[in-house]
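Please work through the following exercises with the structure at hand. Each task is followed by a solution in steps.

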Amino acid sequence: MRDKYKYIGPVYDFLSNLYSGKSIHRCKTAMLDVETIQPGTRVLFAGVGHGRDAIRAAELGAEVTVVDLSATMLRKFAEAQQKEAPGLNIKTIHSDIMKIDETGQYDMVVANFFLNVFDEDMMVTVLEHLISLARDDGRVVVGDFSYPTGNPLARLFKKLYWYGAVFTFWLLANNAFHKIYNYPEHMQRLGLKITDKKHFKLLNMNCYWSILGQKQA
């Protein structure tokens with residue numbers, strides 16, 4: 001399996017913090033708390049990256065599975081876990097998320113800054129697959145760049161801010177180059193009920209959001 005993150009993966013967290021302050025980290029962990037995670041909650045993280053959100057879920061008592069196609073990202077996740085929470089038991093799978101065939105097996109499926117690597121048609125296909133992995137009444141979380149809103153100047157800033165990021169990952173990891181996706185719209189169209197949204201600011205503008213959807217029985 002070709003590792004697109006061989007070069008950018010080791011500095012992924014550094015770049016995230018440089019680009020957003022701590023907003024991306026706060027966005028990733030926004031929906032992981034005692035109201036959504038109890039001991040034994042089964043949680044799947046798709047495209048886990050360095051995975052501090054997965055560590056957070058495991059610390060709350062969740063049974064955590066992480067999936068990533070990048071060996072580099074999984075190595076960085078293992079290093080983070082060893083450093084921050086060596087006693088936690090987290091299942092790690094080195095695979096394409098589309099090959100995970102565990103329909104209805106998870107209480108929560110998390111896709112933080114993962115769906116944006118795909119073009120829109122593939123993103124919808126992947127999102128639909130992630131939803132299928134959640135049980136009836138299960139939760140699906142998407143954290144990412146927020147859809148541009150506000151006055152024209154704010155919308156322009158958010159678009160330019162996004163295109164700076166997507167260009168970098170297109171150039172260095174061959175990710176898709178595309179507009180900002182309206183995730184709640186896609187989630188609702190695929191049958192999820194949006195139960196919460198949390199926004200995270202940069203320069204006093206909402207640049208990131210975490211969206212919590214619930215699968216209908």
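The model is predicted, so local features need pLDDT of at least 70 and side-chain atom pairs pLDDT 80 or more, whereas totals for chains, interfaces and linings use all residues. Residues are numbered from 1 along each chain as its sequence is written, and side-chain values use heavy atoms, without hydrogens and water.

**Exercise 1.** Compare the span of helix α5 with its expected span.

Solution. Helices are DSSP runs of H or I with at least four residues, and strands are runs of E with at least two. Helix α5 covers residues 120-133, which is 14 residues. The expected span is 1.5 Å times one less than the number of residues. The helix reaches 20 Å from its first C-alpha to its last, close to the 20 Å expected.

**Exercise 2.** Determine how β5 pairs with β4 and with β7.

Solution. Strands pair if DSSP finds at least two bridges between them. Between β4 and β5, which run parallel, there are 6 bridges; Tyr 106 stands opposite Ala 134 in β5. The pairing of β5 with β7 is antiparallel, over 7 bridges, and Val 142 stands opposite Ile 211 in β7.

**Exercise 3.** Classify the ring pair of Phe 145 and Trp 162.

Solution. Rings of Phe, Tyr and Trp (its six-membered ring) pair if their centres lie within 6.5 Å; planes under 30 degrees apart are stacked, over 60 edge-to-face and the rest tilted. The centres are 5.1 Å apart and the planes stand at 70°, so this pair is edge-to-face. Phe 145 lies in strand β5 and Trp 162 in helix α6, so the pair ties together parts 17 residues apart in sequence.
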